[in-house]
Amino acid sequence: MKPDGTVDRATALAAFSTAIGPVPGAPTVTDAPGVRASGTAAVWWTLAHWRELDDAQQGAVRGALLDRHIAPAAFVAAGAADPDLPCSTADSPDAGRLRPTLDAAVSDIAGRLGRSLRIPVHLTMNRAQRENHPDGSLTVMYTYPCRGTGTADGTRPTGCTIHVNPHAFDTTFSDADRSAFLVHEAMHCYVLDLLGPAAENLAPWLQEGIPMWVQVALRGGDAKATEKWYQYLEPDRRSLFGRSYDAIGFYAQLAGSGADVWSRIDPMLRGFGAGGNAAAWRASSARAAFLRGWAPGTLHGRRQGAAWDITGYGIPPARPSQGTARQLAAGDTVVAKTPAAGVDVVSLVLPADAVLLLTATGKPEGLLGSADGDHPVPDLLTAPVCTAAAGCTCPEGSPAAGVRLPGVAAGPADLAITGGLARSTVTVTVSTLADHCAQPPQCLPGTWTMTGSRLALVGGVSETGGAGAVLRIEADGTAAASFDPMQPVTFRARQGLAGTLQYDGTARYRLKLPPENDSTGTIGVGVVDLDRVRVTVKITSPFEDTVFDHEPLGRLARSFGSGVHLDGRPLGSAHSFKCTASTLTLIADGADGVTGTWSFRRSS
């Protein structure tokens, strides 16, 4: 040891080989009985000579300290530590130029998340390019969870070290880009701080997708973000759960639907630990508005209308090519198919004078965009449509004479769907109007449009109105009632109370149909799914007030005031029925507190 307390390179390597692990080229030391080497001193001395070591020696030292997980609790010598080691307890000497930018990133994230970072963040400038992507592409920065100077390795981190690679200073990147990259890495530190060791098991769409969205939400677009946007917009039917950095688009579309993504980040991260991808998805609060626009938005402006575009920073000017639209003809079938948490878009050319029958598996949401506007997919599943914007009517003399079909315009169209958390398909089958009208309608199966209702309910309440609701009954007893086109129902009570009920959404049923194609009988009700039905209740007399505003139907009180019973929906329970080729009447006999009728005309 020299008078100033230092040792030469050979002594440092000899000490390291004796106390920690072998190093190529280190002098051999013969053990002396009773002598125990100091690991801390050996590490300190060796790091002081780090720049004098060759690649093999540096690799041996790094492996002994990190790969074997036997690093001392602290071994930092001022100005001597290797900045390429995963963890540090101080910034590297040349990190000062980026430290204020990192501090701003940490502060900005705290303001949005509503929580402060509880662990220190250290910044180190790598001399060599490290931790590149598996495909060989270069990384700009990366982050380690740390305990002291070692990686946390499955334990709660006490610090976070951000490494800046030489590639970050490539001339293709600006200072603004580097600021965005530091936001991304700082968000990783927030995730590590929140979840501890559980952060290592996050699915990539959360682990990298959230920091990617945070970097553009706080710093705008950058070169790396645009690269990931291109991947997100590729028409490849990939599940969100299989994405990584390119999940950026999901969070941007979630924000565009009106969701407060910042308030959902922590619940999503915690949710994954409790229930995996599905729980994280549910915690995102991806509501109906998001599901309706998720698939159409991925077209990024290729079709006119706000529903067919996407907003966010760093988005490229155009979507990758969708491919050639499929020209349909009578007899053709085309299928849109989504994985769980995925979308699909199918480009079509709809023939003139044709009938389209859309059937589904799962519960698809989305739009069919045609020349006459946008048509919600759930509405199209309730009845066949014809390719005339004004609709079509089966001619006199045909077996289905008088049956009227709603219309969509012929020509270029896009079918864009998602099943939300589940897989879904939508199958489009094309036939001619003549062939469709040649089939005599069965009595109950078909599509019916409500013309009105007249009901008496418990508590002296009467209800009338509701024209426009569409009821689709399949031959196997599955049924759906779309309330979106429904006119308000007016109610009155003996006490002078009066108002309106407005339903929206689609109810789904499993009905028990009569065994024969009878024109009278009883319709039994098995399964009733009202999850997508909402109701608005307004009082008009003796005062004016909105009691419920698009609330889930399950929250509608069975009684309003003293003994006033509301909610006279069709198919709330078993009903008698009468039907002809063109009319259907559902009859409530009072078994559930409702008497009266709902009247329908056949649409198909």
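Which residues of strand 9 are buried on one side, and which on the other? Keep that in mind for the second stop.

**Before you start**

This is a predicted model: local features need pLDDT of at least 70, side-chain atom pairs count only at pLDDT 80 or more, and totals for chains, interfaces and linings use all residues. Residues are numbered from 1 along each chain as its sequence is written, and side-chain values use heavy atoms, with hydrogens and water left out.

**Stop 1: colour by confidence**

Colour the chain by pLDDT, the predictor's confidence in each residue, from 0 to 100. The protein averages 86. A score of at least 70 is reached by 92% of the residues. Now select residues 67-81, where pLDDT stays under 50. The model has 31 contacts for them beyond four places in sequence; contact means heavy atoms within 4.5 Å. Next select residues 557-564, where the pLDDT is also below 50. That stretch has 18 contacts in the model beyond near neighbours in sequence.

**Stop 2: strand 9**

Select residues 365-370, which are strand 9. Helices (H or I, at least four residues) and strands (E, at least two) are DSSP runs, numbered from the N terminus. Six of the six residues of strand 9 are buried. Buried means under 20% relative accessible area, exposed over 50%, and partly exposed in between (1.4 Å probe, protein chains only).

Here is the reply to the opening question. Glu-365, Leu-367 and Gly-369 are buried on one side of strand 9. Gly-366, Leu-368 and Ser-370 are buried on the other. In a regular strand the side chains alternate between the two faces of the sheet.

Show the partners of strand 9. Two strands pair if DSSP finds at least two bridges between them. With strand 14 (residues 411-418), strand 9 pairs in the antiparallel sense over five bridges. Find Gly-369: Asp-414 in strand 14 stands opposite. With strand 10 (residues 373-376), strand 9 runs antiparallel over four bridges. There, Leu-367 has Pro-376 as its bridge partner. Strands 9 and 10 form a hairpin, with two residues between them.

**Stop 3**

Zoom in on strand 5. Two bridges join it to strand 7 (residues 343-350), and these two strands run parallel. Gln-327 has Val-349 of strand 7 as its bridge partner.

**Stop 3: helices 8 and 9**

Select helix 8 (223-233) and helix 9 (248-256). Two packed helices are described by the angle between their axes and the distance between the axes. Here the axes come within 8 Å and cross at roughly 85°. Axes are lines fitted to C-alpha atoms, for helices over the stretch in contact, and angles run from 0 to 180 degrees between N-to-C directions. Helix 8 and helix 9 are therefore roughly perpendicular to each other. Angles under 35 degrees count as roughly parallel, over 145 as roughly antiparallel, 65 to 115 as roughly perpendicular and the rest as oblique.

Show the side chains at the contact. Helix 8 brings Ala-225, Lys-228, Trp-229 and Tyr-232. Helix 9 brings Ile-248, Gly-249, Phe-250, Ala-252 and Gln-253.

Seven of its nine residues are buried, among them Tyr-251 and Leu-254. The buried residues of helix 9 pack against helix 6 (204-207), helix 7 (209-219), helix 8, helix 10 (261-283) and helix 11 (288-297). Step past the end of helix 9 to Gly-258, whose phi is positive, near 105°.

**Stop 4: Leu-240**

Go to the loop between helix 8 and helix 9 and select Leu-240. Is Leu-240 buried or exposed? It counts as buried because its relative accessibility is 2%. Leaving aside neighbours within four places in sequence, its contacts are Trp-205, Ala-247, Phe-250, Trp-281, Trp-294 and Ala-341. Draw a line from Leu-240 to Cys-443: 43 Å, C-alpha to C-alpha, and 203 residues apart in sequence.

**Stop 5: Thr-427**

Select Thr-427 in strand 15 (residues 424-432). Thr-427 counts as buried, at 18% relative accessibility. Beyond its neighbours within four places in sequence, Thr-427 is in contact with residues including Thr-333, Val-335 and Leu-358.

**Stop 6: a second hairpin**

Finish at strand 24 (residues 534-541) and strand 25 (residues 545-552), which pair in the antiparallel sense over five bridges. Arg-534 stands opposite Pro-552 in strand 25. The two strands form a hairpin with three residues between them.
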